[in-house]
Structures are given as structure tokens and as C-alpha cells.
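Take a look at the fold below.

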Amino acid sequence: MTNSSHTSSYLSDGQALQLAENSNLSQLVEMAGQIRDQGFGNVVTYSRKVFIPLTHLCRDVCHYCTFATTPRNLESPYMSIEDVLEVARNGAKLGCREALFTLGEKPELRYRVAREWLNEAGFKSTVDYLAFAANRVFEETGLLPHLNPGNLTAAEFNELKRSAPSMGIMLESVSDRLTEKGQPHYGSPDKIPEVRLQTLRDAGQAKVPMTTGILIGIGETRRERIESLLAIRKVHEQFGHIQEVIIQNFKAKENTKMSQAREPSLDELLWTIAVARIIFGPQMSVQAPPNLSPNVLPKLVAAGINDWGGVSPLTPDFVNPEAPWPHLRDLGAETAKAGKNLAQRLTIYPQYILDPNTWMDSRFHAPVLDLVDSEGLPREDEWCPGDPIDPPEGELQRIRSVPSVVSSEIKAIVQKVHASELLAEKDIVRMFSARGDDFSFLCQAADEIRQKVNGREVTFVVNRNINYTNICYFKCQFCAFSKGKLSENLRGRPYDLSKDEIQRRVKEAWQRGASEVCMQGGIHPEYTGETYVDIVHAVKEAVPDMHVHAFSPLEVWQGAATSNLSLADYLVRLKDSGLDTLPGTAAEILDDEIRATICPDKINTEQWLEVMRTAHGVGFRSTATIMYGHVEQPINWARHLIRVRDLQRETGGFTEFVPLPFVHREAPMYLKGKARKGPTFRESILMHAIARLVLHPFLTNIQVSWVKMGHKGSTAALNAGCNDMGGTLMNESISRAAGTLHGQETAPNQMIDMIRSIGRIPKQRTTLYQTPSEDLKLRGLDAGPLTDIVNTPARKYERKRTHDLVKNQPIDLINL
């Protein structure tokens, strides 16, 4: 999906108008399809909605319309709020996300009965009642209102923006000729083109994402259609708020003055869709209603649309009641015939969701974020990292299913990998948008490389996590470790482990077959470089042969700065003390645009890379990680992967890459309504698969985090390019503090069973991918239960002034 809300002029107005003389339909359709694919790839969207006709009364008398009627044909001038909510609740049960409010134009200006009903119900106007009904629907069902009330004033837009994240008005046509006597808009003051264009401009001024479009076949010429499209484009270029352009074909209806009018031909519809796409370019969503052309849907896709509009599993199309909605299963099948994947969207389009401060009232920010993935499209299942529910069966099947229609772009990108070409940022971003057969193809391409590089073996290490303190003076917005809930013994009270407790855990881990302790903690304001040296000494004193995998780049940075040593000198000091390898945590997203939001006081991207570059230079090996699924987008993932790849090409020091999906439950930025609830399962699998493709052949081990992905999610990742299951952990505090419920330990026998369940060969390893001793392996298999841990209460310490603490400082401050 495109992330830009503005469209550039693909053609000048003059060039666009010349298209009125172009009758080469096949040429136009081919050009339009290519342009559409530049912006939307192989995805065609729709919105699952309920249709709420708040009132059928209207002051206009359009000669083709059966939606509007007179009071004598209605039991009530308006739907009651009880009826509105019943429809919305039933729609929510069927998985709808949108409540489309459609109504006539200001009926109270024409009908006394409408004025009386509004007055008795306590509303000043139809718009006033619409705001009330939309608020109730959103508050009680969670459906997002989309409002089509006709022409509005600037003040009315500002009022309604608090009730709905998007609105719409069909321009229909800019031809004044159609308002003359004998024409379809005669007697309809709200269909005067300049009135409707002013409404679109007022919506833009109010920063309201708008739907608009044209109605074809009501007597307009091809040139007038193009003039209408250009008028929409001009407004959009000024305000950037038109989220879709609908090309709606006129359907003759009984009991209207146009019942005998000729409907536009299929070729006329295809011509108009193609011309609209060419005029608006690759970034604008172009829509055609599927129920108005039920037997030719692949042709509409070929002509350049990327959206079907709203489709309801519950309510009819009240504007075109003679045209039933297609079943979503059938719509997906017809879309697939055109070589595209059907994906659900919300009523507000992705590019506006991704810029909420500009386009949405603050009340919608958190609820909308809760509904979407990194591209701004809806999550289509309930799976979240850390939650104890199975991954969606459909995605599990797609990982292994044989793809039938794969987009040429995706094939070309994978071919680059096979040809040993470095993938560019745009290639990686494109892969992260993969759905359907493209998703299957990427998973299998990654797994083929895994098979060639790693064979059928899946490795794991028996280790123990020791988090020596949960006191931290940094304010990372994703971290719940130092902010967890006392009642669930996640963070508990502030602690700072004693040397005795560290050594007890190390000895117990060795007795239970561990070859490694992984040690990290909060950045305690009283910790210095000497503290980290003492921690290493404590481990080696307890068990000299235990591999110490410890200290994130942030901790190394802290240690160097507080020791008045350069990075290189301090890392040598740690090495001499017995430190063996470094974890590549604190990377989060290696893009300062994102770090400024989630961890502004932490080391920046270049500083993280400099720690790792220096560590590799003095002989350390390390891992590399990414923590994803919160506020960032695929372009940030791409930059992260490229930076890891480039450093690996330079140093060769990374042993494995570890995707860490964001666990949202207790994360501060999620609780504040400022983050998504982790990546979707599709995104999580893609992260592992794409990492394999991007990092090949430079980094050969891709690890899956079972504590975040769960056992079923982890085995799925093993079929999408992963070859390593990481550690057994024994204790896990950080992810548990964030809310994961996948446990603290996966014992060696469980690892073996999981790996064998998918026909792979389990292999226990050391941190550096060597084979541990048989004695260690046997101890791990025979290990008894862990002794309860003791978190040594932290003693009171003097809080240092901010300028005494080490935060995001320039590199030259510590390269002394």
C-alpha cells in the first residue's frame, strides 16, 4: 500500500482532456493496470461494513434515485437509535469494521415531519442526530462510522470529525448542463457542481479523509467525465484528503424518470476506470462497486481499480437495492482470477491512519491503532505475540501451500537473491507487503535457502537468563520490565541481585545442563564499568567453563563512559575479565526516526552500530536483533535489515539474527494508546523469511523467539527460513513483564519434540554453534525443577542528577 496522501499529476489537464478522443480501450487498460500495480502491487481491498440508512428523506429529487422517498412511504422519518444500534451490533458480530451512514440531504429543509421528529427527539438538525448516532455506534460496538450526509459547511465538518474518522460525498459530475430542465439533476440544489466542490474543499480544510467519485451514464460526455476527475484531482492536490475515487455506473431503476434510460456499456465503464487511473496515477485508490457489475469483476481489476468499496454480509445496498452484494468468498475468488489478493481495509485508508495527528480526532487514535497492521490495513485475526492462542490456520497453511499466481515484482526480487545481488530498500519494503501467493512464495524461497545453508538441522542452546537488576533510569516507551505489575510477580519490587544470588543461579544452570548464561539488566544509575566487570568475575568464579553472553551495546556504552575508557579499551577489559560474547539487544529499530519516539534517550543507531563494529574488531562475536510491530513501518524494517547486513559484510561478527516481535500487553506506549499491539502473524513470519533473504549469504543463522512466538508460531517460522530456536532460558523476565504468557522455559526434551514434529533434526549447540559435551546434554535432559529465584531487594541509593547520568551522548565523548 502507498503511504503518500498526495498524488502527483501524471498528466497535465490538457493531456488528460485529450484522452476523451482515445478509444483504444486495450491500450488504456494495459497502461492503467501497470500504473495501479506501481502503487498497490497485487492487493485489492474492500471494507466489511453495515449500511445504516439514517433517513430516506431528501430535499433533492435526482431523477435516477430510489433511495430518497417521501414521508407517506415511511413509518418514521428517521431510524430510531435502537434500530441503528441493533444493525451495528449484528454487523460487529459478523466481523464488520465500518458503519456506513447514508442519508438524504437536509430533509428538515423540505419536510415538516422531519423537523418535528428532530425537535421531539432533542436534535437541532439531521447533522446533529447523525453525530449522536455515530457516537453511539462507535462507543457501543467499536464500528468506525463513515458518514455520507451530503453537502456540509465547514463548521459541520469540524463537528462531525469528532464522530467519524472519514466521510464521503459523490461529486457525480461538474457538468452544469445536467442541472438544467429535463436533465437528471434538475430541481436538486445540492447537486450544483460548485456547491459539491466547495464541500470537498471545506472537508480538506477540516482535514477530513474523504471518499468521492463520479456517476457515469447519466447523460454526461466523456470529456465531462474527465473534467469531473480533474476537478477532484485539483482539490486533492490542494488538501491531500481524497482517499478514494469511485467510478460508479448508472443503473436504471423502476419508478424513476430515468427508468428507460440506457445504462453505460461495460466498455464505457472500463474506459472510465482506466482513464481515472491514468489521471490520478499510482497513489490514489480507484474503486468500482462490485455489485453493479457482478459478472465481469476481473475486467474491472484489469482496468485499474484497487478497491471494491464497502461490502456487507448483513445489509443490502440501499442505494442500489436491486444489486445484491457478492459473497466475500466469491469476491475473493473473482479477485484472484485477476491475479490479485483480496484484503480488508478500514473505512479510513492506510495513509491517513499512519498520520493520525493530522487526519483523525484523538478519540480514534488508540482504537484504530488497535485494529491495524504496519501498513494500516486491518488485522484479520486475534493472534498477538505473547498471547497463548494458536496462530491463524489460514496463514499456517499458506506457508507451505503451492503458490499459483505470484507477482512479477516478487519473483524478480527473489531472483536478485539467487543472483547474489544486494536487495535495495524498495525491494525489502515490497516484500513486507506480500499477501496470499506472494506470501507463500517468499516463505518457501527463504526456506529453500535455509535448506541449502543449514540443511535439516534445527539448533538450540541450553542456557539461563539472568537479569541482574530491574532498576533503570532510561524511559524506553516499549519496556515493561522496570514498570511491570506487582500483583503478577513480573517486575515485582525493585531488585539488584547480590553476587551470591548470581552465583547460585549460575551453578544451578550448570547443573541443569546449561552451557551459557545470558545476562542483561536495566541501566542502574549506580552501575559503572567496574560493575559489569564484577558480574563477569562472579560468573567465572562460580563456574569457570560457563559461557558468558552478556551486556547489550547500551550497557557497554554505559560501562565505557563511566570508566573513562574508549569503547575498544573497555571491550578489551571485558574480554580480559572473561566475557565471551555480546547479545545484540537494544537495537530495537535501527532508524533514528523511530528511536526518537520509542527510546529517545538511548544510544542512537550509529552508536549501536559503533559498539558492535568495535566489539567485532576486538574479537567478540555477537547476535543482532530487531524489535518490531509497534509504531514503525516496513520502510523502517528495511533500513534496519540493510544496516545489519552492511555491518555483517564489513565485520562478519554476527552469529545470528533474532527477530523479536513487540509484546504489547504491559508496554507503556501501548497502554497510552500510542502503539499497535505487535506485529500480525503474517508480518512475524515475513520478518523471519525476509531476514533470511536479505542477509543471505552473509549471516547464516536466523533464530525464532519461542517466548514471543509460542511453540506453534516457532515451528511455523522454522518452515519459513529459520534454523535456530535460541535458548531454553530457564528464567524469562523481560518478555513476561511485557505480558507474554508462553512461559519461562522450554526444556531440551521439549525443544527436541517440537523440532521433530515438523520432520527436522534437533541439534543442541553452544553459543558459538559448537557441539556441547555429552555430559552437559545428559544433565539438560535429566534436569529437575528450578529452585525459586530470590530477587535481592535493591538498597536505597542517591538519585543522581540528570547531567551525571550517561544518556545518548556523541561517540567522541567516550572514544577518549
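Predicted model: local features only at pLDDT ≥ 70, side-chain atom pairs only at ≥ 80, totals over all residues.

Residues are numbered from 1 along each chain as its sequence is written, and side-chain values use heavy atoms, with hydrogens and water left out.

Start with helix 20, residues 529–542. Helices here are DSSP runs of H or I with at least four residues, strands are runs of E with at least two, and both are numbered from the N terminus. Helix 20 has 14 residues and reaches 21 Å from its first C-alpha to its last. That is close to the 20 Å expected at 1.5 Å a residue; the expected span is 1.5 Å times one less than the number of residues.

How enclosed is helix 20 by the rest of the structure? It is largely enclosed, because 10 of its 14 residues are buried. Buried means under 20% relative accessible area, exposed over 50%, and partly exposed in between, with a 1.4 Å probe and protein chains only. Among the buried residues are Tyr-532, Val-533, Ile-535 and Val-536. Lys-540 is also one of the buried residues. Thr-531 sits in helix 20 too. Its relative accessibility is 19%, so Thr-531 counts as buried. The cover over the buried residues includes helix 19 (499–511), strand 12 (516–520), strand 13 (547–550), helix 21 (553–563) and helix 22 (567–577).

Now turn to helix 19. Helix 19 and helix 20 pack at about 45°, with axes 9 Å apart. Axes are lines fitted to C-alpha atoms, for helices over the stretch in contact, and angles run from 0 to 180 degrees between N-to-C directions. The two helices are therefore oblique to each other. Angles under 35 degrees count as roughly parallel, over 145 as roughly antiparallel, 65 to 115 as roughly perpendicular, and the rest as oblique. On the helix 19 side, Lys-499, Ile-502, Gln-503, Val-506 and Lys-507 meet Ala-538, Val-539, Glu-541 and Ala-542 of helix 20. Contact means heavy atoms within 4.5 Å.

Helix 25 covers residues 634–651. Its 18 residues reach 26 Å from first C-alpha to last, close to the expected 26 Å. Its buried residues include Trp-637, Leu-641 and Arg-645. Among the elements covering them are helix 17 (425–432), strand 15 (621–628) and helix 27 (681–695). Gly-652 follows helix 25, with a positive phi near 65°.
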